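Here is a friendly briefing for anyone opening this structure for the first time. Keep the 3D view at hand and follow the topics one by one.

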Amino acid sequence: MIKKLNREVIPFTEQEIYSMDALTLAYIGDACWSFFVRKKLIDTGIHHVHILNSFASEMVSARWQCRILYMLEECLTERELKVCKRARNANTNVPKSATVEEYREATAFEGLLGYLKLSEQQERLEIIMTKAITFLAEEFNSEIKQKK
């Protein structure tokens, strides 16, 4: 395994990425989304790690990813929807922090991001993640207003 890390990388074709195990795509998508959210939080000027981690944990939760995917579904292509469906239907263990539906939808969202990242569709990935973070910001602001 370690020896394989040092070898020359042979790029995957788009079809190979599309056909990849859905949980592998979600694994990469989870990392993409987590990094994107953390970078956006740092860009706000907040530099206290405890506060950053608190916001990031909530924003990358299955609950919010589920809601993001519902918001995005109408603007996804047929191929993107198929990736989501495969990831949604992947056999995984659901943690206690989320319902089965939330976790499956979150896995679908992460699978989509992983597919876009690995297939080097950077512009589309940025569009999707920007829509997602904008949605989150609006929802968080709405929740704050309701609590006042």
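Predicted model: local features only at pLDDT ≥ 70, side-chain atom pairs only at ≥ 80, totals over all residues.

Cys32 is buried, as its relative accessible area is 14%.

**Cysteines**

- The count of disulfides in the structure is 0.
- Cys32 takes part in no disulfide, and the nearest cysteine sulfur to it belongs to Cys84, 14 Å away. A disulfide needs two cysteine sulfur atoms within 2.5 Å.
- Cys66 is likewise in no disulfide; for this residue the nearest cysteine sulfur is that of Cys84, at 12 Å.
- Cys66 is buried, with a relative accessible area of 5%.

**The largest nonpolar core**

- The largest nonpolar core has 32 residues, and those that touch the most other members are Trp33, Ile68, Phe109, Ile128 and Leu136.
- Two or more residues of this core come from each of these elements: helix H2 (14-19), helix H3 (22-43), helix H4 (49-59), helix H5 (62-72), helix H6 (78-88), helix H7 (100-118) and helix H8 (122-147).
- With 8 residues, H8 gives the most to this core.
- Which residues does Leu136 contact, leaving aside neighbours within four places in sequence? They are Trp33, Met59, Trp64 and Ile68.

**H3 with H4**

- The axes of H3 and H4 come within 10 Å of each other and cross at roughly 140°.
- H3 and H4 are therefore oblique to each other, since only angles over 145 degrees count as roughly antiparallel.
- Their crossing, that of H3 and H4, is right-handed.
- On the H3 side the contact is made by Trp33, Val37, Arg38, Leu41 and Ile42. On the H4 side it is made by Leu52, Asn53, Phe55, Ala56 and Met59.

**H3 with H7**

- H3 also packs with H7, at an angle of about 85° and with the axes 6 Å apart.
- That angle makes H3 roughly perpendicular to H7.
- From H3, the residues that meet H7 are Leu23, Leu25, Ala26, Ile28, Gly29, Asp30, Cys32 and Trp33. Their partners in H7 are Thr107, Phe109, Glu110, Gly111, Leu113, Gly114, Tyr115, Lys117 and Leu118.

**H6 with H7**

- H6 and H7 have axes 7 Å apart and pack at an angle of about 130°.
- This makes H6 oblique to H7.
- The crossing of H6 and H7 is right-handed.
- Arg79, Glu80, Val83, Cys84, Ala87 and Arg88 are the H6 residues in this meeting. In H7 they meet Arg104, Glu105, Thr107, Ala108, Gly111, Leu112, Tyr115 and Leu116.

**Ile17, a residue of H2**

- Ile17 lies in helix H2 and is buried, with a relative accessible area of 2%.
- Although Ile17 and Tyr115 are 98 residues apart along the chain, their C-alpha atoms are separated by 6.5 Å.
- Apart from neighbours within four places in sequence, Ile17 is in contact with Phe12, Leu25, Tyr115, Leu118 and Ser119.

**Ile133, a residue of H8**

- Ile133 belongs to helix H8 and counts as buried at 13% relative accessibility.
- Ile133 and Trp64 are 69 residues apart along the chain, with 10 Å between their C-alpha atoms.
- Not counting residues up to four places away in sequence, Ile133 touches Trp33, Phe36, Val37, Lys40 and Met59.

- Is Lys39 buried, partly exposed or exposed? Lys39, found in helix H3, counts as partly exposed at 42% relative accessibility.
- Between Lys39 and Ala132 there are 14 Å from C-alpha to C-alpha, and the two are 93 residues apart in sequence.
- Where is Glu120 placed? Glu120 sits in the loop between H7 and H8.
- Glu120 is exposed, with a relative accessible area of 69%.
- Phi of Glu120 is near 60°, which is a positive value in a residue other than glycine.

Key:
Residues numbered from 1 in each chain as written. Heavy atoms only, no water. Core = buried A, V, L, I, M, F, W, Y, C linked by side-chain atoms within 4.5 Å. Buried < 20%, exposed > 50% of the residue type's maximum accessible area, 1.4 Å probe, protein only. Helix = DSSP H or I, 4+ residues; strand = E, 2+ residues; numbered from the N terminus. Contact = heavy atoms within 4.5 Å. Axes fitted to C-alpha atoms, helices over the stretch in contact; angles between N-to-C directions. Parallel < 35°, antiparallel > 145°, perpendicular 65-115°, else oblique. Left-handed = near helix turned anticlockwise from the far one by under 90°.
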